[in-house]
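Let's take a friendly look at the pockets of this protein, and then at one of its helices. The sequence and structure come first.

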Amino acid sequence: MEIWPGNPYPLGATWDGNGTNFAIFSQQGTGVELCLFDENDHQTSVPLTEVTTHVWHAYLPGIAPGQRYGYRVHGPYLPQEGQRFNPAKLLIDPYAKAIDGNINWGPEVFAYDVNSGREDLVPSHGDSSPHVPKSVVIDEAFDWVNDQAPRVPWHDTVIYETHVKGFTIVHPGVPEELRGTYAGLAHPAAIEHLLLLGVTAIELMPVHHFIHHSHLVAKGLRNYWGYDPIGYFAPHGEYSSAGTLGDQVPEFKAMVKTLHEAGLEVIIDVVYNHTGEGNHLGPTVGLRGADNAAYYRLDDRNPRLYKDFTGTGNSLNVRQPQVLKLIMDSLRYWATHMHVDGFRFDLASTLARELHDVDRLSAFFDIIHQDPVLSDMKLIAEPWDVGEGGYQVGNFPLLWSEWNGKFRDTMRDYWRGQEPGLSEFAFRFTGSSDLYQQDGRSPYASINFITAHDGFTLNDLVSYNEKHNEANGENGRDGESHNRSWNSGAEGETDDPSVRALRERRKRNFLVTLALSQGVPMFLGGDEMGRTQGGNNNVYSQDNETAWIDWSLRDRSLTLLGFTRRLMDFRKSHPVFRRRKWFLGRPIYDSHVSDIGWFTRKGEEMSEADWKEASARSIGIFLNGDGIPDPGPRGERITDDSFFLIFNAHHEAVEHALPPATWGAEWTPVIDTTEPLLVEGTIVHAACEHISVEGDSVLILRRV
């Protein structure tokens, strides 16, 4: 075999049509072997003798796409000093573009002798190569001709969070051989559903190649969510419909291109805060064996242990330049080679920890803001981690939008009749100006959501007071215990017609609240059809019908789906619900009334005392369609209908007066959550008229 010196850049395996360049970073390693595997898993070892700025590299003529490979890195095994090199362990290339296989759990996958009785202090000499995934050389070529990113403006964006496999695995309209795959997600039946919902962006749960941990496998479970990555450049292989090595890459690209053709953006959930290697007792399959002290945050007082801001056992060392480079290279790769449109950063506060505290001016954010590619993409933070001071809702810098956990908590509490009061509701409904306005961000900095993958579905939010996670096998220790849910009068499934009717109404209340609040709405996949997880609020290990979207629509599901579609069409038709700028609370464009008004049940404008009334659970909101300050794409003035929205979270009906005639002489209902099939224009109400609003409901009227 010919071995040429090759180049230290780019990192990873790069095929040029004649051969492949291999390059891997290891600052403290003393030697690196490149291991090539044939179809029978026979290994050929190639020592890398060229080292440039801690990058070990070589070029091998004739090595082509489809070649499986891995690395063995030599160096000291001194856990007490943070060194965990062990050449008996085959390592995934940190820059691998495709990965083949899963971990076959056994003592060989650990760098330490599991039978020594000394935890991780004694090295293991068992060869891990038959038991661990292999990296794969790929051909980057793909026909991107005519691919055009939709570039949907933030204020028009509607996000649908879902799972690649769970979305189509039992979809009857998707061919069986494509279900649960990238190709299945791009099938016309899947796309049609998204378009009818008014979705503009699909947010995919992790698609970086991940592992299934031993404790799950031992219980017959799997890592369904995928929050244990081991390859930041490789699309997860199990979501591919093809059986050829590396074909998950062109299949993912084809999915993106097809979704773009339909006008849909693709946002991927990225997990750069930790890897699947876990704590000091976890397996050695990648970064740990390549250079543990460089890639991970170690305990300053005991480098044998890891700093864990994530609750998963480790945290990436974002202070290290090579780790920052790994993250940035990965982001740029998914942006430029895979054509995704944005990123949702899992536990993003971890990435902002320069020393211990979260620092909004950390190097990570500085680099993102200066990057000509990434700074122009949709960037969404999950603004918390599990470390001290990790809850950072509202504290991320310009260019970033955030999962607004305060919106979720406030709206859940409001609709179950709990604190906080109307003032908190008002802040959340109008885009959370208290969180995002002061630093120059816009209402679309708030990603509004009621439910997400982590927690109850919408159906379960109104059907359970307690989590029911027995299937996870953790004796109820997993999952959030404070869900801010209310079962509507009975725990779980019930035949009581009054409870079932209330639940359906409350689902519609949540959907209306989410869709018509200022900011960017994010829906959890399946909520539009009343998907249930049986009260399980942590289905991370449930790769089965518990977590998959059920497409066998029943009458209730069809009714809710129809309501959601009409609701989202209504939102799209009315720019007053999609403002780019904050409400001013005063007249503009020579209007006689404010751009927004707040009213008591008596039809009077809210006073300071009214805002402080703790028992008040109903409110009227006037939205002025003539008071929109945002110009259109050609600078034209935007006008809309004006609306009066009545939210009643009291469990009983209330009499609510409409505003005086200066705000509108006549009004007609357009949405009533007690009547999902309401037809507009059948009733007209006069100014100051008292109307009855059902308990636990929303009534929206349009000015005639």
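Helices here are DSSP runs of H or I with at least four residues, numbered from the N terminus. Please keep in mind that this is a predicted model.

## The largest pocket

Sorted by class, the lining of the largest pocket holds 21 polar, 14 nonpolar and 13 charged residues.

Which helices each supply at least two residues of this lining? They are helix 4 (214-217) and helix 9 (405-415). Helix 9 gives the largest share, three residues.

## The second largest pocket

The second largest pocket has a volume of about 580 Å³. It is lined by 27 residues, and Arg151, Asp341, Asp376, Met377 and Lys378 are the closest to its centre. By class, this second lining counts 13 nonpolar residues, with seven polar and seven charged.

## Helix 5

After the helix comes Gly263, which has a positive phi, near 85°.

Is helix 5 mostly covered or mostly uncovered? It is mostly covered, with ten of its 14 residues buried. The buried residues are Gln248, Val249, Glu251, Phe252, Lys253, Met255, Val256, Lys257, Leu259 and His260.

Key. Residues numbered from 1 in each chain as written. Predicted model: local features only at pLDDT ≥ 70, side-chain atom pairs only at ≥ 80, totals over all residues. Heavy atoms only, no water. Nonpolar A, V, L, I, M, F, W, Y, C, P; charged D, E, K, R; others polar. 1 Å grid on protein atoms, 1.4 Å probe; cavity = no way out; pocket = protein on both sides within 12 Å on 5 of 7 lines; lining within 4 Å. Points joined across faces, edges and corners; volume = space filled by probe spheres on them. Buried < 20%, exposed > 50% of the residue type's maximum accessible area, 1.4 Å probe, protein only.
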